[in-house]
Every structure is written in structure tokens, then in C-alpha cells.
Amino acid sequence: MSTSISATEIGLPDNVKLKLGTGDDAEIFHNGTDTRIVNTTGDLSIRGGVIKLASTSGEEYFRGT
């Protein structure tokens with residue numbers, strides 16, 4: 001897959017990092033097997049009515065409100 005940009009999505013191939021912030025202090029990365037979200041400055045906040053961590057089969061590991 002090559003990099004693609006449309007009105008509704010940005011597609012990046014494996015092993016390409018999406019870097020955010022002036023100092024690249026936040027990144028999202030997928031290597032073909034694992035995905036990482038890295039934040040090197042301040043807090044990493046995830047907001048929603050219900051926060052869930054679940055397996056691809058739907059088994060919930062964590063659910064918080």
C-alpha cells in the first residue's frame with residue numbers, strides 16, 4: 001500500500017509513523033503486526049462516554065465510565 005489521502009481518510013503503509021506536534025512528541029505507528037500510540041510530553045487523554053479495551057473477538061479487558 002502506498003500513502004493515500006482522501007476527503008474521509010489518510011492511508012499509510014506499514015512501518016510509517018504518523019507524527020504530531022511541533023517536536024514530534026506524539027506518534028501512531030503500525031509495523032504490520034503491532035500498533036503503538038506514543039506520547040512523550042504531558043498526559044495522554046482518551047475521552048468518551050465509555051472507554052473500553054477489548055480483543056478483536058470482542059472480549060472486554062477493561063471498561064470504565
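This briefing describes the strands, hairpins, salt bridges, surface patch and backbone angles of one structure.

The model is predicted, so local features need pLDDT of at least 70 and side-chain atom pairs count only at pLDDT 80 or more, while totals for chains, interfaces and linings use all residues. Residues are numbered from 1 along each chain as its sequence is written, and side-chain values use heavy atoms, with hydrogens and water left out. An open sheet of 3 strands is present, in the order β3-β4-β5, and the structure holds 2 salt bridges. Strands here are DSSP runs of E with at least two residues, numbered from the N terminus, and two strands pair if DSSP finds at least two bridges between them.

**The sheet β3-β4-β5**

- The pairing in this open sheet of 3 strands is antiparallel, and its edge strands are β3 and β5 (35-39), each of which pairs on one side only.
- From one strand to the next the twist averages 15°, where axes are lines fitted to C-alpha atoms and angles run from 0 to 180 degrees between N-to-C directions.
- Strand β4 (residues 26-30) is joined to β5 by 5 bridges, and the two run antiparallel.

- Strand β6 (residues 51-54) and strand β7 (residues 60-64) run antiparallel and are joined by 4 bridges.
- One of the residues in this pairing is A54, whose bridge partner in β7 is E60.
- Between β6 and β7 the hairpin has 5 residues, and G58 in the turn has a positive phi of about 100°.

**Salt bridges**

- A salt bridge is counted when a side-chain nitrogen of Lys or Arg lies within 4 Å of a carboxyl oxygen of Asp or Glu.
- E27 forms a salt bridge with K17, with the closest N and O atoms 3.5 Å apart; this pair links distant parts of the chain, since E27 is in strand β4 and K17 is in strand β3, 10 residues apart.
- The side chains of E27 and K17 also make a polar contact (3.5 Å), a term for a pair of N or O atoms within 3.5 Å in which, within protein, one must be able to donate a hydrogen and the other to accept it, and for which residues adjacent in sequence count only if both atoms are side-chain atoms.
- E27 counts as buried at 15% relative accessibility, whereas K17 is partly exposed, with a relative accessible area of 42%; buried means under 20% relative accessible area, exposed over 50%, and partly exposed in between, with a 1.4 Å probe and protein chains only.
- E60 forms a salt bridge with R63, with the closest N and O atoms 3.0 Å apart, and E60 is partly exposed, with a relative accessible area of 39%.

**The nonpolar patch on the surface**

- I5, I10, L12, V16, L18, L20, I28, I37, L44 and I46 form a nonpolar patch on the surface, with about 960 Å² of accessible area together.
- Patches are made of residues with over 30% relative accessible area and no salt bridge, with nonpolar side chains (Val, Leu, Ile, Met, Phe, Trp, Tyr) joined within 5 Å and like charges within 9 Å; accessible areas come from the Shrake-Rupley method with a 1.4 Å probe, and for residues only the protein chains shown count as cover.
- Strand β3 (residues 16-20) gives the most to the nonpolar patch, with 3 residues.
- L12, one of the patch residues, lies in the loop between β2 (10-11) and β3 and is partly exposed, with a relative accessible area of 31%.

**Loops and backbone angles**

- Most residues other than glycine have a negative phi.
- N15, however, has a positive phi near 70°; N15 is placed in the loop between β2 and β3 and counts as exposed at 51% relative accessibility.
- D24 likewise has a positive phi, near 50°; D24 is found in the loop between β3 and β4 and counts as partly exposed at 40% relative accessibility.
- P13 lies in the loop between β2 and β3 and is partly exposed, with a relative accessible area of 21%.
- P13 and D25 are 12 residues apart in sequence, and their C-alpha atoms are 21 Å apart in space.
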